[in-house]
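The following exercises, each with a worked solution, are intended for a reader who meets this structure for the first time.

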Amino acid sequence: QLQLVESGGGLVQPGGSLRLSCAASGFTLDYYYLGWFRQAPGKEREGVSYISSSSSGSNTNYADSVKGRFTISRDSAKNTVYLQMNSLKPEDTAIYYCARSGSVIAPRNRLLPRYYDYWGQGTQVTVSS
């Protein structure tokens, strides 16, 4: 059974850190693109970061709004992708989702939700004092 399960969300003060996990079962993450997305109330879902498949070089990239603060990584042994989030801001508050794509995605499209076909259930991140 294919499954993506996010965890690690919570309430954190501005300037704090959280590490989100996306654990996969039923398939091997190394073979897929894995993206992190977020959706705040009343806003569209937006791409945060991605890591490409191992065969595509495990390339990573970030939305401008999180560049320099967030880091994506993959632990193949645990079949898990992480999103380390530092220097969190209130505007980072959202439900965070991980999603996989089985297709090769052009670089300009890798942060677009429509190119990902399997999603986790999400984890809430709230940044507030």
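**Exercise 1.** In which loop does N109 lie? State also whether N109 is buried or partly exposed.

*Solution.* This is a predicted model, in which local features need pLDDT of at least 70 and side-chain atom pairs count only at pLDDT 80 or more, while totals for chains, interfaces and linings use all residues. Residues are numbered from 1 along each chain as its sequence is written, and side-chain values use heavy atoms, with hydrogens and water left out.

Step 1. N109 belongs to the loop between strand 9 and strand 10 (118–119). Strands (E, at least two residues) are DSSP runs, numbered from the N terminus.

Step 2. The relative accessibility of N109 is 11%, so N109 counts as buried. Here buried means under 20% relative accessible area, exposed over 50%, and partly exposed in between (1.4 Å probe, protein chains only).

Step 3. N109 and G47 are 62 residues apart along the chain, and their C-alpha atoms are separated by 9.8 Å.

**Exercise 2.** Locate N79 and S87, and describe the phi of each.

*Solution.* Step 1. N79 is found in the loop between strand 7 (70–75) and strand 8 (80–85), whereas S87 is in the loop between strand 8 and strand 9 (94–101).

Step 1. Phi is near 55° for N79 and near 50° for S87. Most residues other than glycine have a negative phi. Both values here are positive, in residues other than glycine.

Step 2. N79 is buried because its relative accessibility is 16%; S87, at 42%, is partly exposed.

**Exercise 3.** What is the strand order of the open sheet of four strands?

*Solution.* Step 1. The order is 1-3-8-7, with antiparallel pairing; two strands pair if DSSP finds at least two bridges between them.

Step 1. Strand 1 (3–7) and strand 7 are at the edges with a single partner strand each, so one side of each has no neighbour in the sheet.

Step 2. Strand 3 and strand 8 are joined by six bridges, and C22 has V81 of strand 8 as its bridge partner.

**Exercise 4.** Which strands pair with strand 11, and in what sense?

*Solution.* Step 1. Strand 2 (residues 10–12) pairs with strand 11 in the parallel sense over three bridges; L11 is partnered by T126.

Step 1. Strand 9 runs antiparallel to strand 11, and three bridges join them. I95 is partnered by Q124.

Step 2. In a regular strand the side chains alternate between the two faces of the sheet. The covered face of strand 11 holds T123, V125 and V127, and the uncovered one Q124 and T126.

**Exercise 5.** Which residues of the largest nonpolar core touch the most other members? Describe the surroundings of S49 as well.

*Solution.* Step 1. A nonpolar core is a set of buried Ala, Val, Leu, Ile, Met, Phe, Trp, Tyr and Cys residues joined through side-chain atoms within 4.5 Å. Of the 28 residues in the largest one, L4, L34, W36, F70, L83, M85 and Y96 touch the most other members. Strand 3 (18–25) contributes the largest share, four residues.

Step 1. S49 is in strand 5 and is buried, with a relative accessible area of 0%. Beyond four places in sequence, its contacts (heavy atoms within 4.5 Å) include L34, W36 and L83.

Step 2. A polar atom of the S49 side chain lies 2.9 Å from the backbone oxygen of N61.

Methods: Polar contact = N/O pair within 3.5 Å; in protein donor to acceptor, adjacent residues only side chain to side chain.
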